[in-house]
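Take a look at the fold below. We will walk through it step by step, starting with a term we need.

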Amino acid sequence: QKLFNKQRRKSNISYYRLRLAALEPAPGEPDGPQCRAWVRRVLEESITAVRLPGGRVPPLGEDPLFLGCREYRTSRVSDRAADLNFPERMAQLAGRGEALVIPVEPGPDDIAALVRAAAGHSSLVLATCNAHLVRGQLELAGALAETGIPLIVAALRDPYDLAWTPETAAALCAWEYSAGSLDALWGVLSGARMPVGVLPLERLK
């Protein structure tokens, strides 16, 4: 059995080496203009629509509310990454609306305050980050959906977050929490581009 497992691992490594060799390398010098353009295109084409109840991404309207926690990475060293946050970046790109930075795990009082803040807005855009591990974000999504205001939920890392979001909410996956992925996501939220990414996990749909 050990010999079989060893041979299987070697076979898998050989297979993926061949796959990697077949990939087209990024053009130009590393971190040069051509390479950056290639990375930007990859990010734009990776934005995935997991669920669109109306068949399209809801329009943001004149006064959207953007919500989400700051980027963080849980580790023994630190749980804070770069000073990057979804709501402020989206409001900056939109040139309108309101940005609210939320706790990584909102509690009942946080959720109640955020629901009150949502009143009167034309749309709600909630970014999740590891919400399948910190359930407060999912509870917030449910509470925001109950307001009846059009809701878009964007998973900035794992798409698993979206499996527990309300069926009435549009659900997008950006796959990572980075400046490039936020800019790519804005292209979809603004209606400039369609989400053409492919979800490899069919059960989430």
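A residue counts as buried when its relative accessible area is under 20%. Keep in mind that this is a predicted model.

Begin with strand S6, residues 170-173. Ala170 and Leu172 point one way. Ala171 and Cys173 point the other way. All of them are buried. In general, side chains of a regular strand alternate between the two faces of the sheet.

What pairs with S6? Strand S1 (residues 48-51) does, in the antiparallel sense, over 3 bridges. Here Ala49 has Leu172 as its bridge partner. S5 also pairs with S6, in the parallel sense, over 4 bridges. Ala155 is bridged to Cys173 of S6, and Ile152 stands opposite Ala170.

Now widen the view. The open sheet has 6 strands, in the order S1-S6-S5-S4-S2-S3, with mixed pairing. S1 and S3 (98-101) stand at the edges with a single partner strand each, so one side of each has no neighbour in the sheet. Neighbouring strands are turned by 20° against each other on average, direction ignored.

Helices pack on this sheet. H4 touches S2, S3 and S4, and its direction makes about 160° with that of S2. H6 (residues 179-189) touches S2, S4, S5 and S6. The direction of H6 makes about 150° with that of S6.

Finally, turn to helix H5, residues 136-145. Why is H5 largely enclosed by the rest of the structure? Of its 10 residues, 8 are buried, so the helix is largely enclosed. Among them are Leu138, Leu140 and Leu144. The buried residues of H5 pack against S2 (64-68), H4 (108-118), S4 (123-128) and S5 (151-155).

Methods:
Residues are numbered from 1 along each chain as its sequence is written. This is a predicted model: local features need pLDDT of at least 70, side-chain atom pairs count only at pLDDT 80 or more; totals for chains, interfaces and linings use all residues. Side-chain values use heavy atoms; hydrogens and water are left out. Buried means under 20% relative accessible area, exposed over 50%, partly exposed in between (1.4 Å probe, protein chains only). Helices (H or I, at least four residues) and strands (E, at least two) are DSSP runs, numbered from the N terminus. Contact means heavy atoms within 4.5 Å. Two strands pair if DSSP finds at least two bridges between them. Axes are lines fitted to C-alpha atoms, for helices over the stretch in contact, and angles run from 0 to 180 degrees between N-to-C directions.
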